[in-house]
Amino acid sequence: MSAQIEALFAAKRALRKELKERLRSLSSAVKVVESEKISERVISHPRYLSAKNVCVYVSMSEEVGTEALIKDALHRQKGLFVPYFNRDEMVMVRIADIADYNNLPVDTYGVRQPRDYLEREDAMTSTGLDLILCPGLGFSKQGHRIGRGKAYYDNYLSKYERSWGSAPYTIALAFSNQILDEVPCTPSDRILDEVITAK
């Protein structure tokens, strides 16, 4: 590994630590208010309104809340897919209805995701996706993203592009204190199409 790449990875590690501290310092009340405003902006977004099949992450406590978006997508009878993670990769699997969503179990990492993912419809091999709503630790206004270091979304989008010829439209959902002037990136880091905040 070159010294330049090592320095880049070190910068990412330091930035992840800083961003985790920022998120921990954000009050629950601010998270609720900003999540509501972000959800309203997504629900009125032309890309969301026109999408037939969408992937929405199931939010954890330090992420922009997505429950309202999940319920809205199901209410509109969109094809709703959520991420399932294992150690090696991420797949997007279908959620049938609100009861199915409400019954998602919590795994050992505190993430709600379906244990029966192998039995569920996989977006990559079935309908495809029109839109992916992405979490992360930090974002630039230009769509650069820093996640938790596993490259799940980068790898998924690259695999999807190889399979389908182009990637779905991607929108990051971010609290105001997650927006950065710049994000250190490698050539394999994907640039998202858009970042939505409460402002």
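Predicted model: local features only at pLDDT ≥ 70, side-chain atom pairs only at ≥ 80, totals over all residues.

Leaving aside its neighbours within four places in sequence, which residues is Pro-168 in contact with? They are Leu-129, Asp-130, Leu-131, Ile-132, Leu-157, Tyr-160 and Asp-193, where contact means heavy atoms within 4.5 Å. Residues are numbered from 1 along each chain as its sequence is written, and side-chain values use heavy atoms, with hydrogens and water left out.

Pro-168 sits in the loop between helix 6 and strand 7; helices (H or I, at least four residues) and strands (E, at least two) are DSSP runs, numbered from the N terminus. With a relative accessible area of 5%, Pro-168 is buried, that is, under 20% with a 1.4 Å probe and protein chains only. From Pro-168 to Leu-157 the C-alpha distance is 7.9 Å, at a sequence separation of 11 residues.

Leu-157 brings us to helix 6, where the buried residues are Tyr-152, Tyr-153, Asp-154, Tyr-156, Leu-157 and Tyr-160. These pack against strand 2 (79-85), strand 3 (90-95), strand 4 (131-134), strand 6 (145-146) and strand 7 (169-173). After helix 6 comes Gly-165, with a positive phi near 95°.

Finally, I turn to helix 2 (residues 28-43), which contains Glu-34. Not counting residues up to four places away in sequence, Glu-34 touches Phe-175, Ser-176 and Ala-198.

Definitions and conventions:
Buried < 20%, exposed > 50% of the residue type's maximum accessible area, 1.4 Å probe, protein only.
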